[in-house]
Amino acid sequence: MVGKVIVTAPTDPRDAVVELVSRLIQFDTTNTGELDTTKGEADCARWVAQQLEEVGYQTEYIESGAPGRGNVFARLAGADPSRGALLIHGHLDVVPAEPADWSVHPFSGAVEDGYVWGRGAVDMKDMVGMMIAVARHFRAAGVTPPRDLVFAFVADEEAGGKYGAHWLVEHRPDLFEGVTEAIGEVGGFSLTVPRRDGGERRLYLIETAEKGIAWMRLTARGRAGHGSMVHDDNAVTAVAEAVARLGRHQFPLVVTDTVVQFLTAVAEETGYTFDLDSPDLEGAIGKLGPIAKIVKATLHDTANPTMLKAGYKANVIPASAEAVLDCRVLPGRKAAFEAEVDALIGPDVTREWVSDLPSYETTFDGDLVDAMNAALLATDPDARTVPYMLSGGTDAKAFAKLGIRCFGFIPLRLPPELDFAALFHGVDERVPVDALKFGTQVLQHFLTHC
């Protein structure tokens with residue numbers, strides 16, 4: 001019997017990462033949120049498993065809750081089995097993309113003008129490519145990390161992780177045995193700010209907190225009737241008024257510890273003034289450029305109307321009407337947020353949670369943070385790591401259920417002029433080739449010193 005062929009990975013994982021990311025993008029792993037139209041995760045997951053098995057990993061392929069929702073896990077034993085393992089996780093699915101809107105086909109993985117282009121380039125097949133490149137290098141080169149490393153490539157993050165991370169945590173907790181800490185998206189990228197004494201400084205934003213995701217359905221009920229008559233009990237009117245009140249409402253300013261630390265670091269470097277008691281705090285934050293869109297959203301809870309449903313004929317007043325709102329809630333604010341919502345919608349409209357994923361926040365300290373900082377400084381001596389809060393959500397919400405301490409850390413050194421925040425779910429999503437190679441080098445250093 002012929003034994004399994006073990007392929008030698010490139011000596012330097014930076015030599016492989018661009019091709020890996022390009023190939024990953026070519027798998028159309030579009031997640032529509034519906035089982036019958038979501039595709040490609042299984043094929044991509046099996047390809048990832050093949051890349052790892054070629055260099056000697058034992059992988060486990062799991063379909064989480066439904067056919068085709070593919071996930072792959074691999075573990076690399078560390079030097080000290082008494083230490084908690086580190087989870088390095090990335091999701092394989094992407095949001096939809098309309099090819100007619102793009103400069104290149106969104107699933108081409110084109111390498112042009114110093115970028116790798118395509119849906120998932122920054123969310124988050126860039127990190128998946130780095131993970132594969134470094135994992136292959138470690139195994140082929142016989143590298144033993146200081147602690148066990150668990151590489152996880154998961155499905156369904158873009159629709160909340162019901163068929164991905166959350167299913168795995170609930171049904172396969174054995175996959176996370178011994179894991180105490182984790183890194184994933186969206187953090188580790190650079191933000192270039194002007195120094196107060198001239199020049200520029202690169203701050204690398206490490207995600208230590210993220211808002212909760214709560215999709216809420218509002219329902220109003222009234223008397224059905226003919227559209228030509230006077231009606232004082234119209235469900236459409238009731239739900240529309242509640243939606244308008246919520247959509248225009250400004251929730252109170254709440255500055256969390258994470259946001260305070262971020263603004264303090266920026267002020268130290270730039271000389272900008274961020275008066276936390278000022279009514280124009282958001283205006284001051286606007287000086288940060290495109291990243292301000294994310295930072296401003298971490299100062300308040302939000303409730304944005306996204307869907308309306310009512311009626312079936314122009315001259316019939318329906319007996320019910322519904323609306324859906326995308327709510328994002330700050331850490332520690334859930335009860336206060338619900339009370340505020342109830343006061344706004346009034347007694348004639350009911351609410352229910354369509355999806356309710358909690359917020360998350362950890363502190364910016366400890367050996368793992370030190371290792372992130374050291375890895376970045378080894379590659380970019382002008383780096384400074386700072387914590388920040390993500391206005392969206394990630395699979396960290398699932399892993400935190402197991403008591404795992406989670407951080408967003410995908411190291412990327414970005415051109416100062418690049419509007420990085422706009423690339424997430426945006427048209428012409430792309431990642432700089434140099435940033436991929438930089439991130440791979442940082443990740444390699446980090447995982448050998450974590």
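**Entry 1: cis peptides**

I began at M124, which is found in the loop between β5 (115-117) and α3. Helices here are DSSP runs of H or I with at least four residues, strands are runs of E with at least two, and both are numbered from the N terminus. The peptide bond from D123 to M124 is cis, with omega near -10°. I also looked up the bond from E185 to V186, which is cis with omega near -20°; V186 belongs to the loop between β7 and β8.

A note to myself on ground rules: this is a predicted model, in which local features need pLDDT of at least 70 and side-chain atom pairs count only at pLDDT 80 or more, while totals for chains, interfaces and linings use all residues. Residues are numbered from 1 along each chain as its sequence is written, and side-chain values use heavy atoms, with hydrogens and water left out.

**Entry 2: positive phi**

I checked D113, a residue other than glycine whose phi is positive, near 55°. D113 lies in the loop between β4 (111-112) and β5. Is D113 buried or exposed? At 69% relative accessibility, D113 counts as exposed; with a 1.4 Å probe and protein chains only, buried means under 20% relative accessible area, exposed over 50%, and partly exposed in between.

H425 is not a glycine either, yet has a positive phi of about 65°. I found H425 in the loop between α12 (420-423) and β19 (430-432), partly exposed with a relative accessible area of 43%.

**Entry 3: the open sheet**

Next I traced an open sheet of 4 strands, which has the order β12-β14-β10-β15 and antiparallel pairing. Two strands pair if DSSP finds at least two bridges between them. From one strand to the next, the twist averages 20°; axes are lines fitted to C-alpha atoms, for helices over the stretch in contact, and angles run from 0 to 180 degrees between N-to-C directions.

β10 (residues 212-221) and β15 run antiparallel and are joined by 8 bridges. I picked out A220, whose bridge partner in β15 is V349.

Helix α5 (residues 235-248) packs on this sheet, touching β10, β12, β14 (320-329) and β15, and its direction makes about 150° with that of β10. Helix α9 (residues 334-345) lies across β10, β12, β14 and β15 too, running at about 150° to β15. Contact means heavy atoms within 4.5 Å.

**Entry 4: a hairpin and a helix pair**

I followed β8 into β9 and found a hairpin with 5 residues between the strands; G198 in the turn has a positive phi of about 100°. The strands run antiparallel with 6 bridges between β8 and β9 (residues 200-210), and L191 stands opposite L203 in β9.

Then I turned to helices α2 (residues 41-53) and α3 (residues 125-141), which pack at an angle of about 25° with their axes 9 Å apart. That makes α2 roughly parallel to α3; angles under 35 degrees count as roughly parallel. At the contact, W47, V48, Q51 and L52 in α2 meet I132, A135 and R136 in α3.

**Entry 5: aromatic rings**

How many aromatic pairs does a search of the whole structure find? It finds 12. Rings of Phe, Tyr and Trp (its six-membered ring) pair if their centres lie within 6.5 Å; planes under 30 degrees apart count as stacked, over 60 as edge-to-face and the rest as tilted.

I looked up F176 and F399, a tilted pair at 5.4 Å centre to centre with 50° between the planes. The two are 223 residues apart, with F176 in the loop between α4 (165-171) and β7 (179-184) and F399 in helix α11 (residues 396-399). Both are buried.

F189 and Y388 form an edge-to-face pair, 5.8 Å centre to centre and 80° between the planes. This pair links strand β8 (residues 189-194) to strand β17 (residues 383-390) across 199 residues. F189 is buried at 5% relative accessible area, and Y388 is buried at 2%. I noted that F189, Y388, F420 and F424 form one aromatic cluster.

**Entry 6: charges over rings**

The charged end of R46 sits over the ring of Y61, 3.9 Å from its centre. I saw R430 placed over the ring of Y115 as well, with its charged end 5.3 Å from the centre. A charge sits over a ring if NZ of Lys or CZ of Arg is within 6 Å of the ring centre and within 35 degrees of the ring normal.

Technical notes. Angles under 35 degrees count as roughly parallel, over 145 as roughly antiparallel, 65 to 115 as roughly perpendicular and the rest as oblique.
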